[in-house]
Amino acid sequence: MLEEIIIAGFGGQGVMSMGQLLAYAGMLEDKQVAWIPSYGPEMRGGTANCAVTISDTEISSPLVTEPSVCIVMNKPSLDKFEPTIKTGGLLFVNTSLIDAKPKREDISVYEIPANAIANKIGNSKVANMVMLGAVLEIIKAVEPESILESLRKVLPPQRHNLIPLNAQALQKGAEIVS
Amino acid sequence: MSKVLMKGNEALAEAAVRAGCRYFFGYPITPQTELPQYLSKRMPEVGGVFLQAESEVAAINMVYGASGAGARVMTSSSSPGISLKAEGISYIAGAELPCVIVNMMRGGPGLGTIQPAQGDYFQATKGGGHGDYKLLVLAPASVQEAVDLTIEAFDLADKYRNPVMILGDGILGQMMEPVEFKLTENNELPVKEWATTGKKGRKKNIINSLYLQAEKFEQHVNRLADKFGEMEAKEQRAETYLADDAEILLAAYGTTSRVCRKAVDMAREEGIKAGLFRPISLWPYPAYALQQVLGRVKGILTVEMSLGQMIEDVRLAVNGKVPVDFYGRVGGMVPTSRDVFDKIVAFREVL
Amino acid sequence: MEIVFEKPKALEDVTFHYCPGCTHGIIHRLIAEVIDELDIQEKTIGVAPVGCSVLAYDYFDVDMQQAAHGRAPAVATGIKRVNPKNIVFAYQGDGDLASIGMAEVVHAAARGEKITIIFVNNAIYGMTGGQMAPTTLVGQVTNTSPSGRDVAHSGYPIRVSEMLGSLVGPGNSMKRVSVHDPKHIRQAKKAIKEAFVNQIEGKGFSLVEILSTCPTNWGKTPVEALKWLEEKMLPYYPLGDYSPKEGV
């Protein structure tokens, strides 16, 4: 298994933390992982993206230029990364914020109304987790339980009350593609 | 100990603490800022000192003072900041003081860009500051290796009484990978009888790089040269990947070597016998290890995020035995594995 | 026989390289006497600058570090932070401290760094042969101000003690003294001692600015030089205590 994943969106959409959780979960499952952020002005608003590699074997290059999976949370990210996906790759589109249709026909596209679902369960901030739930249901790179375990490790104890909401978001995301 | 997922900058900072470093003097600059940030919190926890200096110049001179006082001490910066430190680095080498200096390279010249680059190879390995000195320069390619080499760097610095540089780039600093810290805390540190700690019960100690008499200074520099010679003999480090039967050998260090490793895999899938030579020590340059893998090599492709700097050491090492070609990106652009693969294919055709 | 005068223990038994009439020798001696009197020779670490006193490490019999030009306060900071129990002093000239090393001294003072700086102000670059210093007086002729320091071209000389005294720093001490006659030499020694005590007591940063002569580069005899200091430097650089006021 080798997944090379790009996650992109606006700053504040939880794009970086989505990637970090994915990497953390992979590590907990004894997989090889790497996470690389775009850094610089992007960190301060604007668009943000990160690359996550999860592999059963040693990772040659942690730099992802031809992703096998691409998650786009907003329109500029779709425009920027759709052309880079490798043939046969997967594209997850947050249709809550993206009207446009992907153009590529040599990839599989999953349309996820992530924000709408997140709002329905009561908090638009977990749109990223809804998306992640959908992605994991398809690519099976890590178990959703490992994501929750990662959350337990990275969140300070006083914020562990948010974990059930995140679990629900992961599950809702999974349901929409299953 | 179990693995933790850490950013290169933070992992490197923690490694310094594990190595017994208790003093850090630095100045904020992207893309290494997480390193001082981490230590500003961590140093007080272990009874150490983190001090944000007024400038890179002051920071490196605080390192000089602290090292002269016998401490394990570190500073970190990124390219433009290292230029500012160059004077102090020369003094530190001249006065034979151990310390660890981290450079998470960004694009230059000038203010350049905050994106990753490898344009400071010459500065790190051939000088930077004035005079006849050498830094031991180590170039990690993963977060784990950054941790391991940083811990080792403190020992090497003490062993040779010479500054050691960890040369990374913005990607290594920003990237998160799982790491394991193998050393336990509070390992025993070497006694430094030469340090200025107050002359109680002994003759006074002087930390100095000034010798007004030419004859004396020549003796001093020659003694440094002996030390550099010993480092050249003992501290060359390199790793190879699928190099034994390689016809086309890539030469790359740090982040670029990861890109190249993947390009080697791509080439092998196409039946091209490609391999990788990855220097871990940039000074001393692992010339011997490179000469050992030249057996079937028809050509070497050096890949750097620069206009071509390490290529000079590659050429010196192979001494005309095989053609050496170059591929590089600059300005903060990172070569892709596909780019490198394409270069391998093109290079093979002209060989 | 009663010994009434001897070389301080903290001074090496060697001949200074300083020019005839230069007051560095007096200042070295005062520091060494203070180190003896405070009984801190075994825990004192000195930092030598770049300038005429670059070889200070050969003269003081204490552990010494030689610093890059202007960086003595940073080097002293590094030493003091590693071992706060050591007594750390830096010896700096006007070019070293007030020109190339201005940032280092200002920030050491701003941090209240518990170090002592002996700042020798003789209004000229001595070691390089008499060029204009940041403290060169208006109209003073030097090798790089051949028609005299011109305010329109080079601005006014910097009053370091006043400037550092303006920083918030309740434990800091800044005093300006002179060594142009025996009475002032005694006052200078008192100020140096107080500066070391300020550090020993852990109060903060201390600096003693000592007006000093450079007969060679001023083009004067030693006696003329002492007179010039008194007549020309004292009016622009008034002696006194410039320590920050309490309760800032």
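**Exercise 1.** Describe the extent of the contact between chain B and chain A in this predicted model.

*Solution.* Start with the residue counts: 26 residues of chain B and 21 residues of chain A take part in the contact. Next take the area. About 2000 Å² is buried between chain B and chain A, and carbon and sulfur atoms give 62% of it.

**Exercise 2.** List the polar links between chain B and chain A, and state which elements of chain B supply the side that touches chain A.

*Solution.* Seven residue pairs are in polar contact between the two chains, both residues being at pLDDT 80 or more. The salt bridges between chain B and chain A number three. One of them joins A:Glu66 to B:Arg338, with 2.6 Å between the closest N and O atoms. On the side of chain B that touches chain A, at least two residues each come from β1 (4-7), β6 (113-116), α7 (170-174), β9 (176-179), α9 (254-269) and α12 (337-350). The most come from α9(B), with six residues. By type, this side of chain B has eleven nonpolar, seven polar and eight charged residues.

**Exercise 3.** Is A:Glu4 buried or exposed, and which residues is it in contact with?

*Solution.* First locate A:Glu4: strand β1 (residues 2-10) of chain A holds this residue. Its relative accessible area is 5%. The cut-off for buried is under 20%, so A:Glu4 is buried. Finally, leaving aside neighbours within four places in sequence, the contacts of A:Glu4 include A:Val52, A:Leu63, A:Glu66 and, from chain B, B:Lys262.

How values were computed. Residues numbered from 1 in each chain as written. Chains lettered and ligands numbered in written order. Predicted model: local features only at pLDDT ≥ 70, side-chain atom pairs only at ≥ 80, totals over all residues. Heavy atoms only, no water. Contact = heavy atoms within 4.5 Å. Buried area = accessible area lost by both parts, 1.4 Å probe. Salt bridge = Lys/Arg side-chain N within 4 Å of Asp/Glu carboxyl O. Polar contact = N/O pair within 3.5 Å; in protein donor to acceptor, adjacent residues only side chain to side chain. Helix = DSSP H or I, 4+ residues; strand = E, 2+ residues; numbered from the N terminus. Nonpolar A, V, L, I, M, F, W, Y, C, P; charged D, E, K, R; others polar. Buried < 20%, exposed > 50% of the residue type's maximum accessible area, 1.4 Å probe, protein only.
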